[in-house]
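This briefing reviews selected computed features of one protein model.

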Amino acid sequence: MQRATPIRAFNTLTRHKEDFVPVEAGRVKMYTCGPTVYRYAHLGNLRSYLMADWLRRLLEEQGYSVKHVKNITDVGHMRQDMVERGEDKVISAALAEGKTPEQIAAHYTEVFMADESKLNILRAHEFPHATTNVPEMIDLTKMLVDRGYGYVVDGNVYFEVGRFSEYGKLSRQQSAGLEEGVRVEADPLKRDQRDFALWKAAEPGRTLRWASPWGDGFPGWHIECSAMAAKYLGPEIDFHTGGVDNIFPHHEDEIAQSEAAFGRRHVRYWMHGQHLLVDGLKMAKSTGNTYEVSDLEKRGFEPLAFRYLCATASYRTRLNFTLKSLRAAQKALLRLREKLSQSDQRATKKGGKEGDRLREEFWGALADDLSLPKALSVAWQVARSGLPGTVKRELLMDFDRVLGFDLVAPMPSAPAIPTEVKSLARERDELRRRKGYPEADAIRERIRGVGYEARDSKNGTALVRIPAWARMDEAISSSGDVNSFLNEPDTVEFTVGIVARRGCAELERCITSARRWAEGLSAEILVVDNGLEEACGARLDGLAASDGRVRVFHADHFLGSAAGLNVVLKQARGRYVVTLDTSVEVKGDILPPLRDLLEDPRVGIAGRWGVTSEDLRSFEEAEASGDVDAVEGYLMAFRRELVGQIGLLDEKYRFYRHLDLDYSLAVRTAGCRLVIDATLPVVRHEHLEWAATPQEERERLSKRNFYRFLRKWGERSDLLVAQTR
Ligand code: AMP
Ligand code: ZN
């Protein structure tokens, strides 16, 4: 019956939705670009595999016999530029962890399989490993050389892009654009810079290497998928899936290799899943914004909540991941299961027309380019409908064969309530009987604090365990979650803002010193817990409870440096805002002197430390009080009104470096001066964010921010103090 709705799929190759017709009647050959196993898969990767899983389940539901292949890349030819530079991620991970490449690959493969099964992703029929298919890759490379598409230089083999006239048909792209200001060095061995490696000569000392007609070496990144698709599925396959970042160069090159070698179409339908984002940026290891399945489990979520979340958006749209949206997904999933379990199972009445209509709508939505959001809404219509219980159950269980939500999972039985929670509850009951309501409320909070909710009803008080994921309900997931008071009047003279990501003792030192020197002044202190450890966050709550001037905001993850500060800027109510890094300790009066500096309307930002520059490329720390080109972020003070004029900080700066320079220059464009007072009584201790970031990571993140800064300000030397003197 489901077969009645033919599948329509959006084909990246034609940019159209097309009716699906298999190469061979009744059979479907499907290939999914799988993981590179030198690290754990993140949720972005898994979103791509979920898309493929829904496609496969739908095809099987329609009666096709599907063969699904997902490769395991266990030789690290991850990115072409890495290959060209001879870098291998599996090897470097192995060196870093003191293991062999085989051990590394085996470990991450095992975890990958477990992650997939936690998300109810059906196991592919084949998981070919790149390292066990090297002879096939060598054969294919030989074929390409024989047919005149490949050429050999010093033990390397390149594919000559100019010989394949259809190159670019998938991506409509011929060569890579410049990535974030990082240029890929030209390879002198290539005839044309568009050419890509099929085989690379092994550098001395390299362990993962194979003998070949061109000497010892290792395969290029793309040849793996061409060779394994052909070996396990044959020369022409029905569906090939991956994330959109695979379109170019990976899939473009795969088409070139396969079609040049076999002289026929490689793939009928190319399907690409859009990215999962975090804080507006692609989830990627290199951005440092990844979540893994284990991160969800640690927070008490079911991994399937993520599956549900992915079903709320079309695979062709970007999806911004937040823990808040995951909480909503987890709640919805539990409610859907609850509806199913509550549906009356005794009724035997037929569903009739209504049931048939909903069934048809559900399968129709899925067949229409995997419209899971629509299918999900039909499932909810069923759950909420007045259909007889048996019909509801039958429909939902039917739908779940594709949805894969374990809708009939047995509800886990609640663990016993600890005795101390029970005795707290008894104490509270007693207080309530004696009308000691404020005390009773305080105990309720204590009960909450240990993860239980006291629910009062006519029949007495029930204790309900609050799952860990639900306990973070009030935490913020982005700076957008707090209201902006920028257009509201001042309520105090000073706002001191402190944003902390790590270092509980350092944070306390900073807060204590700031509170001490704000005493007697009209001031508030805003503290943003930007992903601190839980215990540290709890201590902040205690502080806020004991000092009415302190307000604490908990972020449910590290929002990024700029976003954390934006929480302060939006929520501040002081005429002056002073932001402090937790490395700073206040040793005397700083607020009145900063106010005095800012009384001059020409001064935009005042601070203690600053830098000057001649060319916006190198910066020097300023020694003396006076004008600078940028006030350093350790301590910045400005009139709150200025933020209304300049705007918030640029949240693309997740890492802190250059963020202060960026904002300083923005303030300079408004014609304001930036000044420091080198006599302010403050000291700077070790900067934790810097100290805790490994050297290589620091350099990478710094470079990235530097290029971001340079693109924006590189030509604005006119803003520098040296120019305006
Ligand atoms: P990789 O292990 O980097 O080769 O990625 C495995 C798969 O995940 C590929 O199909 C990628 O296109 C996909 N992918 C990587 N990052 C994301 C993301 N943020 N969102 C969705 N898919 C992604
Ligand atoms: Zn691939």
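In this predicted model, H250 counts as buried because its relative accessibility is 3%, below the 20% limit for that class. C33 is likewise classed as buried, at a relative accessible area of 7%. Both residues are protein donors of the zinc ion (ligand 2).

**Zinc site**
- The zinc ion (ligand 2) has C33 (SG), C225 (SG) and H250 (NE2) as its protein donors, at 2.0 to 2.2 Å.
- Along the chain, these donors follow the spacing C-x191-C-x24-H.
- C33 and H250 are 217 residues apart and link distant parts of the chain. C33 lies in the loop between strand 3 (27-32) and helix 1 (43-61), whereas H250 belongs to helix 7 (residues 247-262).

**Helix 10**
- Helix 10 (residues 323-342) comprises 20 residues, and its span of 28 Å from first to last C-alpha is close to the 28 Å expected at 1.5 Å a residue.
- Its buried residues are L323, L326, R327, A329, Q330, A332, L333, L336, R337 and L340.
- The cover over these buried residues includes helix 8 (293-298), helix 9 (303-311), strand 13 (319-321), helix 12 (372-384) and helix 13 (389-403).

**Cavities**
- The largest cavity is lined by R47, M51, W54, G273, Q274, C310, A311, A313, Y315, L370 and L372.
- Helix 1 and helix 9 are the elements that each give two or more residues to this lining; helix 1 gives the most, with three residues.
- By class, the lining of the largest cavity has eight nonpolar, two polar and one charged residues.

Note on methods. Residues are numbered from 1 along each chain as its sequence is written. Chains are lettered from A and ligands numbered from 1 in the order in which they are written. This is a predicted model: local features need pLDDT of at least 70, side-chain atom pairs count only at pLDDT 80 or more; totals for chains, interfaces and linings use all residues. Side-chain values use heavy atoms; hydrogens and water are left out. Donors are N, O and S atoms within 2.8 Å of the metal (3.2 Å for Na, K and Ca); water is not among the atoms, so sites may look incomplete. Helices (H or I, at least four residues) and strands (E, at least two) are DSSP runs, numbered from the N terminus. Buried means under 20% relative accessible area, exposed over 50%, partly exposed in between (1.4 Å probe, protein chains only). The expected span of a helix is 1.5 Å times one less than its number of residues. Contact means heavy atoms within 4.5 Å. On a 1 Å grid over the protein atoms alone, a cavity is a set of points where a 1.4 Å probe fits but cannot get out, and a pocket is an open set with protein on both sides within 12 Å along at least five of seven lines; lining residues have an atom within 4 Å of a point. Ala, Val, Leu, Ile, Met, Phe, Trp, Tyr, Cys and Pro count as nonpolar, Asp, Glu, Lys and Arg as charged, and the others, Gly among them, as polar.
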